Amino acid sequence: MDGINPALSPADLRLERRIFAASHGRDLTPEEQEALERIRPPRTYPVRLAVQAYDGPMAMLPVAQLYARDVPDLSPPEGRDLLQVLWCPFDHPIMPRTLLFWRSAASVTDILDTPPEPPAVQFDGYLPDPCVLEPEQITEYPDHLELSEELREQLKQLSVPQTAEEGMDPDTYYDCVLSNAPGWKVGGWPAWDATDPSSQPCSECGTDMELLMTVATFEEGDDAGNSWSPHPHPGAGPYPGHRGFNATGIQIGSGYRQHLFVCPAEPEHPHIELMT
């Protein structure tokens with residue numbers, strides 16, 4: 001607990017989301033208002049929230065389930081064809097702590113009808129909404145900060161005709177249109193919006209780690225034009241505090257990305273989490 005945000009149950013968070021989605025564009029009904037006030041009672045600031053400790057193990061929340069047949073860039077360990085990503089519903093700090101499970105899909109036979117859930121979630125943006133994935137293989141390029149000064153200048157000059165036609169800034173055209181596709185992705189290049197590029201050595205063998213997966217708050221950036229725009233499905237957002245297209249309901253920090261890096265020599269070595 002952070003002493004400010006009340007931890008809510010997954011059931012209450014899902015109810016809150018259904019109410020906001022159903023009432024979009026109209027006033028709340030008395031029943032909806034009553035339900036929202038029960039979930040988040042009105043408070044007078046300043047207020048000190050009591051911190052409740054939970055005894056025993058904390059159930060993790062499912063974040064993604066990826067099959068190698070659907071995602072060519074997944075590169076699982078030998079004999080595995082399924083990646084399951086879970087995370088803790090509390091900060092560790094500034095973002096959830098993730099666990100990666102590489103499995104053989106054929107060996108997964110004992111499937112629970114109702115998987116266990118944690119008793120509470122620290123932030124509503126840590127509770128994923130169920131989504132059906134439609135993987136699309138794309139080509140992207142490194143962040144401009146990973147390029148040499150000479151190459152950056154060449155790209156800027158090559159971009160001038162396109163930026164004039166599209167009314168964009170030549171200094172940002174490369175990053176917005178060609179580099180670092182926004183949204184959730186497997187593989188590709190990390191974005192360096194909040195920090196400078198840095199190598200991520202494996203703690204076990206020292207090999208430079210590679211980007212496995214990006215968990216993003218938004219599926220498209222504020223200034224990316226239409227180059228990376230997905231096709232929203234009817235159930236996409238909006239939710240309070242979320243801008244743009246956010247089908248998953250996830251929020252990392254104030255709208256950032258959570259990168260997961262793994263060791264290419266041995267994917268089961270401890271992975272690294274980085275928020276950018």
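Tutor: Start at Pro 93, in the loop between β2 (82-91) and β3 (96-103). Strands here are DSSP runs of E with at least two residues, helices are runs of H or I with at least four, and both are numbered from the N terminus. This is a predicted model: local features need pLDDT of at least 70, side-chain atom pairs count only at pLDDT 80 or more, and totals for chains, interfaces and linings use all residues. Residues are numbered from 1 along each chain as its sequence is written, and side-chain values use heavy atoms, leaving out hydrogens and water.

The bond from His 92 into Pro 93 is a cis peptide, with omega near -20°. Ile 94 belongs to the loop between β2 and β3 as well. Its phi is near 60°, a positive value in a residue other than glycine. Most residues other than glycine have a negative phi, and most peptide bonds are trans.

Ser 75 is not a glycine, yet its phi is positive, near 50°. Ser 75 counts as exposed, at 52% relative accessibility. The cut-offs are these: buried is under 20% relative accessible area, exposed is over 50%, and partly exposed is in between, with a 1.4 Å probe and protein chains only.

Now the rings. There are two aromatic pairs in the structure. The centres of Phe 123 and Tyr 126 lie 5.3 Å apart with the planes at 85°, so this pair is edge-to-face. Rings of Phe, Tyr and Trp (its six-membered ring) pair if their centres lie within 6.5 Å; planes under 30 degrees apart are stacked, over 60 edge-to-face, and the rest tilted. Tyr 126 is buried, at 3% relative accessibility. Elsewhere, the charged end of Arg 69 sits over the ring of Tyr 67, 4.1 Å from its centre. That label requires NZ of Lys or CZ of Arg within 6 Å of the ring centre and within 35 degrees of the ring normal.

Cys 88 is buried, with a relative accessible area of 11%. Cys 205 is partly exposed, at 41%. Cys 205 is in no disulfide, and the nearest cysteine sulfur, in Cys 263, is 3.6 Å away. A disulfide needs two cysteine sulfur atoms within 2.5 Å, and the count by this rule is zero.

Further on is an open, antiparallel sheet of four strands, in the order β4-β5-β6-β7. β4 (185-186) and β7 (272-275) are its edges; each has a single partner strand, so one side of each has no neighbour in the sheet. Pairing takes at least two DSSP bridges between two strands. β4 meets β5 (residues 210-216) over two bridges, antiparallel. Val 186 is bridged to Met 213 of β5. Between β5 and β6 (residues 257-262) there are six antiparallel bridges. Glu 210 is bridged to Val 262 of β6. Six of the seven residues of β5 are buried, so the rest of the structure largely encloses this strand.

Finish with helix α3 (residues 149-166). Its 18 residues reach 25 Å from first C-alpha to last, close to the 26 Å expected. The expected span is 1.5 Å times one less than the number of residues. A kink of about 45° falls at Val 160, shortly before Pro 161. The bend is the angle between axes fitted to the seven residues ending at a residue and the seven starting there. The buried residues of α3 are Leu 155, Ser 159 and Thr 163. In an α-helix, with 3.6 residues a turn, residues three or four places apart point the same way.
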